[in-house]
Amino acid sequence: MKVFRVMGSVTLSRSHESYEGARLLACQPQGRAILGEAAPDEPDLVVVWDDRGAGIGSHIAVSDGAEAAQAFRPELKAVDAYSSAILDSIDIDPAAIE
């Protein structure tokens with residue numbers, strides 16, 4: 001899992017019926033930014049499936065790739081990234097960074 005920050009939502013004029021009940025979020029991967037390093041000026045945004053209700057500015061735990069679709073089995077969904085948790089806080093032990 002990776003940590004992402006919700007930057008906004010994605011609006012579709014038409015979508016597949018399997019997308020009902022959730023929304024798509026535009027999210028920025030946090031990578032080393034959660035360790036205090038500066039985030040890139042022009043971040044790569046990833047579209048993430050969210051059925052948890054994360055808001056703009058929230059930090060979320062994201063499963064991506066083949067793992068993202070496993071949450072829906074045996075149903076099939078065309079998703080590459082899935083919001084598996086909304087993070088209330090992130091605590092990092094400074095000794096673990098070195």
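Tutor: Accessible areas here come from the Shrake-Rupley method with a 1.4 Å probe, and for residues only the protein chains shown count as cover. On that basis the chain has about 6,700 Å² of accessible surface, 48% of it belonging to carbon and sulfur atoms. This is a predicted model, in which local features need pLDDT of at least 70 and side-chain atom pairs count only at pLDDT 80 or more, while totals for chains, interfaces and linings use all residues. Residues are numbered from 1 along each chain as its sequence is written, and side-chain values use heavy atoms, with hydrogens and water left out.

Student: What makes up the secondary structure of the chain?
Tutor: There are 2 helices and 5 strands, in the order β-β-β-β-α-β-α along the sequence. Helices (H or I, at least four residues) and strands (E, at least two) are DSSP runs, numbered from the N terminus.

Student: Why is Lys2 with Asp64 called a salt bridge?
Tutor: The term asks for a side-chain nitrogen of Lys or Arg within 4 Å of a carboxyl oxygen of Asp or Glu. The closest N and O atoms of Lys2 and Asp64 are 2.9 Å apart, so the pair qualifies.

Student: Which residue does Arg23 meet in a salt bridge?
Tutor: Arg23 meets Asp50, at 3.6 Å from N to O. Asp50 sits in strand E3 (residues 46-50) and Arg23 in strand E2, 27 residues apart.

Student: Is Asp50 buried or exposed?
Tutor: Buried means under 20% relative accessible area, exposed over 50%, and partly exposed in between (1.4 Å probe, protein chains only). Asp50 has 2%, so Asp50 is buried. Arg23, at 36%, counts as partly exposed. Of the 98 residues of the chain, 27% count as buried.

Student: What makes a set of residues a nonpolar core?
Tutor: The residues must be buried Ala, Val, Leu, Ile, Met, Phe, Trp, Tyr and Cys, joined through side-chain atoms within 4.5 Å. The largest such core has 9 residues, including Phe4, Val6, Leu25, Cys27 and Ile60. Strands E1 (2-10), E2 (23-29) and E4 (59-64) each supply at least two residues of this core. A second, separate core of 6 residues includes Trp49, Ala68, Val79 and Tyr82.

Student: Which residues form a nonpolar patch on the surface?
Tutor: Leu35, Ile90 and Ile92 do, with about 200 Å² of accessible area together. Patches are made of residues with over 30% relative accessible area and no salt bridge: like charges are joined within 9 Å, nonpolar side chains (Val, Leu, Ile, Met, Phe, Trp, Tyr) within 5 Å. Ile92 has 34% relative accessibility, so Ile92 counts as partly exposed. Ile92 is found in the loop between strand E5 (81-87) and helix H2 (94-97).
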